[in-house]
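Please read them alongside the sequence and coordinates.

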Amino acid sequence: MSSLEMLTLLELAHGRPGAAAGARPSFAASPVLPAIRWLARFARRSLLLLVLLSAWEAVPRLGLIDPVFFPPFSEVIAAGWQLAQTGELYDDMAASLLRALSGFLISVVLIVPLGLVVGWYARLGDLLNQIIEICRNTAPLALLPVFILLLGIGEVSKITMVVYSCAWPLLLNTIAAVKQVDPLLIKSARTMGASPQQLFRKVILPAALPTIFVGIRLASASAMLVLVASEMVGAKAGLGYLIINSQYSFLIPQMYFGILGITAIGLAFNAVLEALERRFMRWKAPVSA
């Protein structure tokens, strides 16, 4: 046996890639295995959800619940498909998304800077404390008739309701985030000669971001809650209008699909905010399980 043949056999025995020139790639190196692992993780995390959806489908069909009032999941999806084919679903979702996003973004742009200022300047916080406590303990839905009387039943009143409901979780969490910054970090930055602008950008804001994002995510949930309620009262489009109109028209599958649509929008909001949180806080070490 020649030395070249011996070298080839040794490479094959040790599994070196040089010996497998021209051979097929291994299964582990192919993209199939990561996809299988992702599907396995998704199935494991979604097991309870799949069980609940299966129960939703089976219970009405077995007659344990009246299917007129609680239709099977497949009928709800079919009703949603019919709404999509007529275009009504897209109009309602677009109207709700526009109102929710507009009010949410306006509140973030206005309230987060206000919270940073109030949290940083203690005297301003003491001056505004009573007003903040009164307003945050006034339920937004209780003010819905007031907003309708003052602003009408158009888009302005609904967006204003969303802004009002988002303001308080944003404001309170931002104020708490600034006040909870470690004083040693502030003292160390000042000792090293940091200017007020550098102190804010390099110390206060990064340390406060985790708690601020908690307020942002709470505000997104509050925005959807208040928006749906306002659309049920005075609107001609939107998922809240779809739900209440389907109930009055006894279109029960469409009503349930409207509820699922609101849930889907809320989950999408939360996923986007989680992605933004990971991007803005790449410095934060991940918590190991």
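1. A definition is needed for what follows: an angle of 65 to 115 degrees between two axes counts as roughly perpendicular. The structure discussed here is a predicted model.

2. Overall content. The protein chain has 12 helices and 0 strands. Read from the N terminus, the order of elements is α-α-α-α-α-α-α-α-α-α-α-α. Of its 289 residues, 34% count as buried. If contacts are limited to residues at least 6 apart in sequence, 70% of them join residues at least 24 apart.

3. Helix 5 against helix 6. Two packed helices are described by the angle between their axes and the distance between the axes. Helix 5 and helix 6 (residues 122–136) pack at about 110°, and their axes are 5 Å apart. The two helices are therefore roughly perpendicular to each other. On the helix 5 side, the contact is made by Val117, Val118 and Trp120; on the helix 6 side, by Ala122, Leu124, Gly125 and Leu128. By type, the residues of this contact are 6 nonpolar, 1 polar and no charged.

4. Arg99. This residue sits in helix 5, which spans residues 88–120. Is Arg99 buried or exposed? Arg99 has a relative accessible area of 4%, under the 20% limit, and so is buried. Its side chain forms a polar contact of 2.7 Å with the side chain of Glu155. Beyond its neighbours within four places in sequence, Arg99 is in contact with several residues, among them Glu155, Lys158, Ile159 and Val162. Leu227, Glu231, Ala235, Ala237 and Gly238 are also in contact with Arg99.

5. Ala94. Helix 5 also holds Ala94. Its relative accessibility is 44%, so Ala94 counts as partly exposed. Ala94 and Gly238 lie 144 residues apart in sequence, while their C-alpha atoms are 7.4 Å apart. Gly238 is also one of the residues in contact with Arg99.

6. The largest nonpolar core. This core has 54 residues, and those with the most contacts inside it are Cys166, Leu170, Ile212 and Ile216. The elements that give two or more residues to it are helix 4 (73–86), helix 5, helix 7 (144–151), helix 8 (155–179), helix 9 (183–191), helix 10 (196–233), helix 11 (239–248) and helix 12 (252–280). Which helix gives the most to this core? Helix 10 does, with 14 residues. Leaving out residues up to four places away in sequence, Ile212 touches Val112, Leu116, Thr174 and Ala177.

7. Val178. This residue lies in helix 8. Val178 counts as buried because its relative accessibility is 6%, under the 20% cut-off. Not counting residues up to four places away in sequence, Val178 touches Leu116, Gly119, Trp120, Ile204 and Ala208. Leu116 is also touched by Ile212.

8. Phe250. This residue lies in the loop between helix 11 and helix 12. Most residues other than glycine have a negative phi. The relative accessible area of Phe250 is 48%, so this residue is partly exposed.

Terms used: Residues numbered from 1 in each chain as written. Predicted model: local features only at pLDDT ≥ 70, side-chain atom pairs only at ≥ 80, totals over all residues. Heavy atoms only, no water. Helix = DSSP H or I, 4+ residues; strand = E, 2+ residues; numbered from the N terminus. Buried < 20%, exposed > 50% of the residue type's maximum accessible area, 1.4 Å probe, protein only. Polar contact = N/O pair within 3.5 Å; in protein donor to acceptor, adjacent residues only side chain to side chain. Contact = heavy atoms within 4.5 Å. Axes fitted to C-alpha atoms, helices over the stretch in contact; angles between N-to-C directions. Parallel < 35°, antiparallel > 145°, perpendicular 65-115°, else oblique. Nonpolar A, V, L, I, M, F, W, Y, C, P; charged D, E, K, R; others polar. Core = buried A, V, L, I, M, F, W, Y, C linked by side-chain atoms within 4.5 Å.
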